[in-house]
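Dear colleague,

Please find below the structure that I am handing over to you. My notes on what was found in it follow directly after.

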Amino acid sequence: MNGPAPPPRVAVIGANGHGRWHRRVIAPLHAAGRLRLVALVDVRPVEDDPNAPVPPGVQVFTDHRAMLAAARPEVVVICTPPHTHLPIARDALAAGADLLLEKPPVLSLAEHEELSAALAAAGRVAQVGFQALGSAALTALTDALAAGRLGTVTGIATVAAWQRPDAYYARSPWAGRRSVDGRPVLDGALANPLAHAVMQCLAVAETLGGAPQWPVAIEVERYRVRPIEVEDTAVLRVRFRAGPPVLAAVTLAAEEFVAGEVVVTGTAGLAVLEYPTDRLRLPGDVVTRRVPGRRGMLENLLAHRADPAGTPLIAPLARTAPFTALLDALRAAPEPRLLDGDLVSVVGDGGERVRHLRDVVDVLRRAAERGALPCELAVPWAVPAYRAELAG
Ligand SMILES: NC(=O)c1ccc[n+]([C@@H]2O[C@H](COP(=O)([O-])OP(=O)(O)OC[C@H]3O[C@@H](n4cnc5c(N)ncnc54)[C@H](O)[C@@H]3O)[C@@H](O)[C@H]2O)c1
């Protein structure tokens, strides 16, 4: 007699860094028998995490190919540096696994096409780690848009203002780099730490258009306050074939913390979603309310594997194509302007030292409110925008 199917075998490649977050997500699912963690892989020693102790029987590897051959996982979480995603994904697909692939999934449209083809050839799926797409707050916003509560939407904007200390850039050889060993890395604020802000805006555009919206043009200003190769501060305007533009105004050099707001402006009112905390204010709301509930990306992937037609993936690779199109366009942008002198203040010591760009939050907020770039707002340190049209 057949018993219940054994739980899917799961492995994590890139077990430190953000991989520890995945291990914490996996721990209760493993304990509940909903999956079986079979292996962890990292080129460095796997760090202890009190909230995700390595369960007995889990094998630890330094080479993902050796792991794929020995542990035969059915689902692989890939949480390694962005420039390693495609080759590792290829190997995992060849070994017959489905993927939970961290964002940014790949770094160019050519890589996106290659991965799409590899998925199709292997008959497997990839969920991309844009976890804020699984939030009930985003669904509440997109439901309100679909119901016409904002009237005609005229603008989509995001402001996020974080701080990243020296230790963040020192933690890994790829941090803050444009390329490593001749391969693009694009570890700028837009492509990596604040990618979710951009992706949430693309999700709003997708709701308005009824399908992922293809960017046709970008205008961008990029800045840095430290000797890195990419931006820590940027304002990006994205235009689509139809529908309102997106304006993303972000920094990792903020004096004041703004978690990440997505502001949707319509003829009948304004909505604000704070995407990292799932707080939402819709037209007519007196206060901002928290809309709890996030569908987990791994749980959704497991549910999709069990019932592909009944449970769609939250973030299938195809949904991220417009995001990757933006990375493609950003790759050709000139080096970000270095801002220093009186514009920048240095606070703290050692690895915790941060650099603040003076009044940056005010500039970003004005940019988002007006849908304008700093050069259009006559900000004294603004450079002329880089403009590019996108094919396709
Ligand atoms: N979804 C999110 O909110 C979120 C948050 C942080 C990071 N990320 C993404 O997760 C990925 C990893 O980022 P991070 O900040 O943890 O990077 P990191 O450099 O801090 O950690 C990456 C880990 O992967 C290991 N590694 C590198 N190459 C490897 C290989 N070939 N095989 C096995 N292990 C390897 C490193 O030793 C390191 O432990 C990136 O794509 C990043 O954008 C996503």
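Helix α7 spans residues 195-209; its 15 residues reach 21 Å from the first C-alpha to the last, close to the 21 Å expected at 1.5 Å a residue. That expected span is 1.5 Å times one less than the number of residues in the helix. Helices (H or I, at least four residues) and strands (E, at least two) are DSSP runs, numbered from the N terminus. Of the 15 residues of α7, 13 are buried, which leaves the helix mostly covered. Here a residue is buried if 20 or more other C-beta atoms lie within 10 Å of its own, exposed if 12 or fewer, and partly exposed in between, with C-beta atoms placed from the backbone. Glycine 210 follows α7 and has a positive phi, near 85 degrees.

Please note that this is a predicted model: local features need pLDDT of at least 70, side-chain atom pairs count only at pLDDT 80 or more, and totals for chains, interfaces and linings use all residues. Residues are numbered from 1 along each chain as its sequence is written.

The protein chain as a whole comprises 10 helices and 20 strands. Of its 392 residues, 46% count as buried. The radius of gyration of the protein chain is 21 Å, which agrees with the value near 21 Å for a compact globule of 392 residues; the radius is taken over C-alpha atoms, and the globule rule is 2.2 Å times the number of residues to the power 0.38.

The protein chain is divided into domain 1 (9-131) and domain 2 (135-289 + 317-389), with bounds that come from an automatic or database domain assignment. Their centres, taken over C-alpha atoms, are separated by 27 Å. In domain 1, 17 residues are in contact with 20 residues of domain 2, a contact being two residues whose C-beta atoms, placed from the backbone, lie within 7 Å. On the side of domain 1 that touches domain 2, α4 (109-122) and β6 (126-128) are the elements that give two or more residues. The most come from α4, with five residues.

Both domain 1 and domain 2 give residues to the shell around the ligand, so the ligand lies between them. Of the 23 residues around the ligand, Gly14, Asn16, Gly17, His18 and Ser172 come nearest; a residue counts as near if its C-beta atom, placed from the backbone, lies within 6 Å of the molecule.

Yours sincerely
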